[in-house]
Amino acid sequence: KECFFPVDNTMSGSSSGLRDETVSDVRDRVQSMSDEFLKKYGRQRVPLRFFLLLKMIMKLFAKSGHGMFHLNDLKVLARKVCHIVKVQEFFLALDFVTSMAFAFYFPDIPHLDQFV
């Protein structure tokens, strides 16, 4: 099931005279994540294959209706669809997708390290 929480972000800011701390915190966090992404990837060339992996994962999530896939299944699809053959490149691409916040991979957490 999907949850939806409507937020009126026009009610927070200097022009309205009101300040909603939650909206301000979210805005600050999004800006911080954007700055982090630009520092990490802003001046690097990102292989097109990484974007293909991102697109493939987004399609899988939309098509399947559930939000978790086994890592080995994604490796096979990445090899066949995105031509990401080397394991090291797969994990770099997965790091890129994770940094874009479209999918999450936790390599340091036992059992979760097998899922995306």
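Let's start with helix 2, residues 48–64. Helices here are DSSP runs of H or I with at least four residues, numbered from the N terminus. Helix 2 has 17 residues, and at 1.5 Å a residue it should span 24 Å. The expected span is 1.5 Å times one less than the number of residues. The end C-alpha atoms are 24 Å apart, which agrees.

A word on the source. This is a predicted model, where local features need pLDDT of at least 70, side-chain atom pairs count only at pLDDT 80 or more, and totals for chains, interfaces and linings use all residues. Residues are numbered from 1 along each chain as its sequence is written, and side-chain values use heavy atoms, with hydrogens and water left out.

Back to helix 2. Which of its residues are buried? They are Phe50, Leu53, Leu54, Met56, Ile57 and Phe61. Buried means under 20% relative accessible area, exposed means over 50%, and partly exposed is in between, with a 1.4 Å probe and protein chains only. An α-helix has 3.6 residues a turn, so residues three or four places apart point the same way.

The face away from the buried side carries the exposed residues Leu48, Lys59, Ala62 and Lys63. The cover over the buried residues includes helix 3 and helix 4. Just after helix 2, Gly65 takes a positive phi of about 85 degrees.

Take Met56, in helix 2. Met56 counts as buried because its relative accessibility is 9%. What does Met56 touch, leaving out residues up to four places away in sequence? Leu74, Leu77, Ala78, Val81 and Cys82. Contact means heavy atoms within 4.5 Å. Met56 and Val81 are 25 residues apart along the chain, yet their C-alpha atoms are separated by 8.1 Å.

Next, the loop between helix 3 (71–81) and helix 4 (87–99), where we find His83. His83 has a phi near 60 degrees, a positive value in a residue other than glycine. Is His83 buried or exposed? His83 is exposed, with a relative accessible area of 55%. Val85 lies in that loop between helix 3 and helix 4 too. Val85 is exposed as well, at 58%. Val85 and Lys75 are 10 residues apart in sequence and 8.5 Å apart in space, C-alpha to C-alpha.

On to helix 4, and Glu89 within it. Glu89 is a charged residue type, but it is buried, with a relative accessible area of 16%. Setting aside residues up to four places away in sequence, Glu89 touches Arg49, Phe50 and Ile84.

Last, the largest pocket. It holds about 290 Å³ of space. A pocket here is an open set of points on a 1 Å grid over the protein atoms alone, where a 1.4 Å probe fits, with protein on both sides within 12 Å along at least five of seven lines; lining residues have an atom within 4 Å of a point. Points are joined across faces, edges and corners, and the volume is the space filled by probe spheres set on them.

The lining has 10 residues, with Met33, Glu36, Thr98, Ser99 and Met100 nearest the centre. Helix 1 (21–41) and helix 4 each supply at least two of the lining residues. Helix 1 gives the most, with five. By type, the lining divides into four nonpolar, two polar and four charged.
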